[in-house]
Amino acid sequence: MATMLIDKKRYEVDLSKNVLQNCLLHNINIPYFCWHPTLGSVGSCRQCAVKYSFVDNSGVLQNKIVMSCMLQTIDNMEINVNDIEAYKFRKNIIELLMLHHPHDCPICPEGGSCHLQDMTMISGHNKRRYRYNKRVYKNQYLGKFISHEMNRCISCYRCVRFYKDYAGGKDFDVYGSSNNLYFGRVEDGSLENEHSGNLIEICPTGVFTDKLHNTDYVRKWDMQHSPSICNFCSVGCNIIACERLGKLRKVENRYNGDINQHFICDLGRFGHNFVNEKNLPSYPILNNGNKFIKLDRKMAIKEASRILSRAKRILGIGSSRSSIENNFALLNFVGQKKFSNGMLDKESKCLNLIIKFLKKNCIKTPTLKEIESYDAAIVIGQDITITAPRMSLSIRQLVKKTLNLNAINFKKICNILKISTIDKIFEKNHSSLFTLSNDVTSLRDISKINFYGDYQDQSRFLFFLEKVICKNKFEECNFFKLIKSQVLYIASTFLQCKKPLIILSLNDNDVFLTKACINLISSISKINKNTGSVFITQNSNSIGVSIMSKISLEKILNIACTKRNVAIILMETDLYRLVPKKIIKKIVSLKNKIIVLDHLNTCSIKKFNLSLPSNSFFESTGTVINYEVRAQKYFKVLDKKIYKKSYIKLDSWKWLSEIYYKINGIKSECYSLESIINLIVIKIPDLEAVKSCAQSYNFRIFGQKIPRYPNRASGRTILRKNKEDFNKNFINDSSTMFSCSMEGANNFNNKISHIPFVWNPGINSSHAWNNIDEKKYSTGKKLFNKVKKNVHSPYDIFFKKNINMEHLVVTRYNSLFSIEEMTQFSNFISIDSDFVQGIINYNHAKFLKLKKGHILLFRFNSKTFKVQIHFSKFLKSGYISLPIGSRGVPLFLNSFVIKKFKII
């Protein structure tokens, strides 16, 4: 191990890191602004100066002031941080940077957790000597999520380096020159990039702040924090949830070296407000002949027990947006054969294919960090910038880091593939990313080949790509010349690259496309053992609940549609979003009973027999399985019952446990989350990692729990000592290793990976993550880690006939805040409209005599849809693309053929 002398004291250091990083890892706080562990060093702020001592070529000892972020670590090098000359240099620089700063810390949302405050104190600058007029800027409107206060800017360039260079944003830049720089847009408007919220944490000052948090602002030390997992997509980014007085105030990034690292998407950062809505279920309700009766906890348990005791059959419908523990509690209650995974048949079949493939094959599913190391990738299906936003950020880094493969030997490839010629249109400006989609994606700007077609066309494209890679005769394929060139170019790239990657986004759940993708992955992996595969599922726990059950929603509802005296336990699933009304009416007409457990105010919880309010993932502790089959645990941060005694809400597993005890006449209430987890490991061995993916509830550091509050040195304790609600949130959370106070083991940073809040001595801001050793902070545990062999037998692929041009087939497009169900219940995000935004091919619109501004009307499931038409040159003719899954547009509308419609 290399060593370095810092202020006459020797430290072990990492030669791959610069001097600034090594100092920070040893809690030697050198001030800095422009450096970031992901964005790298540019040396523009001149704040991290140190004295570097070295012997030059003539043998003379030299002492120079250098920027530590630009100085690579060398074994046995000597630097001085506290040298008086270096100290004065840093103090003078921070004073220059602060000349035009408004010094508005008391009213700034960053106050108390501001990197600029921390660095100013470290530098020793504490007196303002500038007595002239300050530079004043006009602030911009940057959308509903981000506030802009340009006067606080110190010109560190971090925002532009992230937004434009790292995230690929097009609508944000720096303007001006010298000492008159402006960081913003050309004109007011919402930031378009899906990762714009990271500007809040990237910025070391208060230029960009969380507008949602600012509306009901709380300082960092007055909030309790808890480590959590974002449940809005299948990536499973690590987050910190911040709560105060029964309201979720803020979501911050939590560093995970394998997954999200320093950045999360806007969906994960701003999609949380649904949990604060006033109209959410808060107490049990019995629907007795359209008379809604409010129940207390005992009455609700009694009524549920009565309904289930009288039923001949009890069926359970689980949820892919609920935890492993909740789903298992329901499975254990009704039995394996009567438990559904809550997915539609097409989605369930696709997930079963994927799980079977992942269990039996040794093909690697890379983490987000590992994705950046691949040198060629093909993305198939939906736009992953929407379905898995954080993954698209890794894809952009993959394209930047790939080797230059311009020198492809096309003649050699022709000989290998046994073809005579290859079209040379792709020889120049080689790119390593290719996309297959039904319409334009956000990755089109960095993708070399963008193939547009429906899922049948994409399946055919993959079919021929596999044939080429397997060296089969390509002349038999009746494809257009351009398509043939595209297939050959991708094949030649995959055959020459060292690490190919195939990504499938499953949001439309086409079974044949899934099979074609699996065939391709298997074929490439036989040639190249470094092949990686990624399957992006629809919800946060789609893979987890599919491991537990292969029974789809339709199969379980068929029983309820044909049998009488059936009771259904519907957990965190909205039937009205998934199946047509006629099926629900048939179930109700047979006088079958439905008990609903949910934390959202869905149509199901309003209309069925008994509703039991459950807790969201912010209000409970549980486990989810992400796309790479990694089990990760989130922890409770919010408990509204403390502040509103009328609330009667329990975790879904707890409702089910209490009902089970009541039905079976068991008085003991010894159930706990830990007992549920122990039972999971016994009954479902594939989920063994659920128990070991995080420290258990009895984990302690020197006999103490981990505090959810940071230390504070304010007068709030004295000022509020007589307030009724002051100590309400100091409760005993027996299901986790965390305490709901600031008391506990404060030296936890190097002890656990599940950090409730980020803090280091002298650094209170989120930039304290830069002081940690990233290798120690990777949470979760992967399933299916046993040694396997490639045993895949190719699936047969069938192609359907062409569609009728007189009709319109419904396909799906996604937007960031309509991709999943929970965020749509946030009034801050959702927009009520009488119209649905639809997309039709430009030429097909001409054929149907549709013009800009026309409204297309069609009727489905007893509802009239009004579609405001937009045009696309790339969407295939015969299709209409709708935001399927968003509020008012049910999932079962997908693939529906519109035969009758009106145009107004």
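**Chat on loops and strands**

User: Why does S895 count as partly exposed?
Analyst: S895 counts as partly exposed because its relative accessibility is 40%. Buried means under 20% relative accessible area, exposed means over 50%, and partly exposed lies in between, with a 1.4 Å probe and protein chains only.

User: What sort of model is this?
Analyst: This is a predicted model, where local features need pLDDT of at least 70, side-chain atom pairs count only at pLDDT 80 or more, and totals for chains, interfaces and linings use all residues. Residues are numbered from 1 along each chain as its sequence is written, and side-chain values use heavy atoms, leaving out hydrogens and water.

User: OK, back to S895. Where is S895 found?
Analyst: S895 is in the loop between strands β34 (879-882) and β35 (897-898). Strands (E, at least two residues) and helices (H or I, at least four) are DSSP runs, numbered from the N terminus.

User: And what is the phi of S895?
Analyst: S895 is not a glycine, yet its phi is positive, at about 75 degrees. Most residues other than glycine have a negative phi.

User: What about Y157, what is its phi near?
Analyst: Phi of Y157 is near 70 degrees, again a positive value in a residue that is not glycine. Y157 sits in the loop between β6 (146-148) and helix α4 (158-166).

User: Is Y157 buried or partly exposed?
Analyst: Y157 is partly exposed, because its relative accessible area is 31%.

User: Switching to sheets. What is the order of strands in the open sheet of three?
Analyst: The order is β25-β26-β29, and the pairing is antiparallel. β25 and β29 (781-782) are the edge strands, each with a single partner, so one side of each has no neighbour in the sheet.

User: How many bridges are there between β25 and β26?
Analyst: Four bridges pair β25 with β26 (residues 630-634), in the antiparallel sense. To count as a pair, two strands need at least two bridges between them according to DSSP. Across this pair, V624 is opposite Q632 of β26.

User: And how many join β26 to β29?
Analyst: Two bridges join β26 to β29, and these strands run antiparallel. Here A631 faces K781 of β29.

User: Which residue in the hairpin of β25 and β26 takes a positive phi?
Analyst: V629 does, with a phi near 60 degrees, and the hairpin has four residues between its strands.

User: Which way do the residues of β25 point?
Analyst: In β25 (residues 622-625), G622 and V624 point one way while T623 and I625 point the other way, and all are buried.

User: Where is the place of E619?
Analyst: E619 is in the loop between β24 (610-613) and β25. E619 counts as buried, because its relative accessibility is 4%.

User: How far are the C-alpha atoms of E619 and K640 separated?
Analyst: Those C-alpha atoms are separated by 8.3 Å, although E619 and K640 are 21 residues apart along the chain.

User: Last topic: are β18 and β19 parallel or antiparallel?
Analyst: β18 (residues 433-437) and β19 run parallel, joined by four bridges. T435 stands opposite N450 in β19.

User: Which residues of β19 point one way and which the other?
Analyst: From β19 (residues 449-452), I449 and F451 point one way, N450 and Y452 point the other way, and all are buried.
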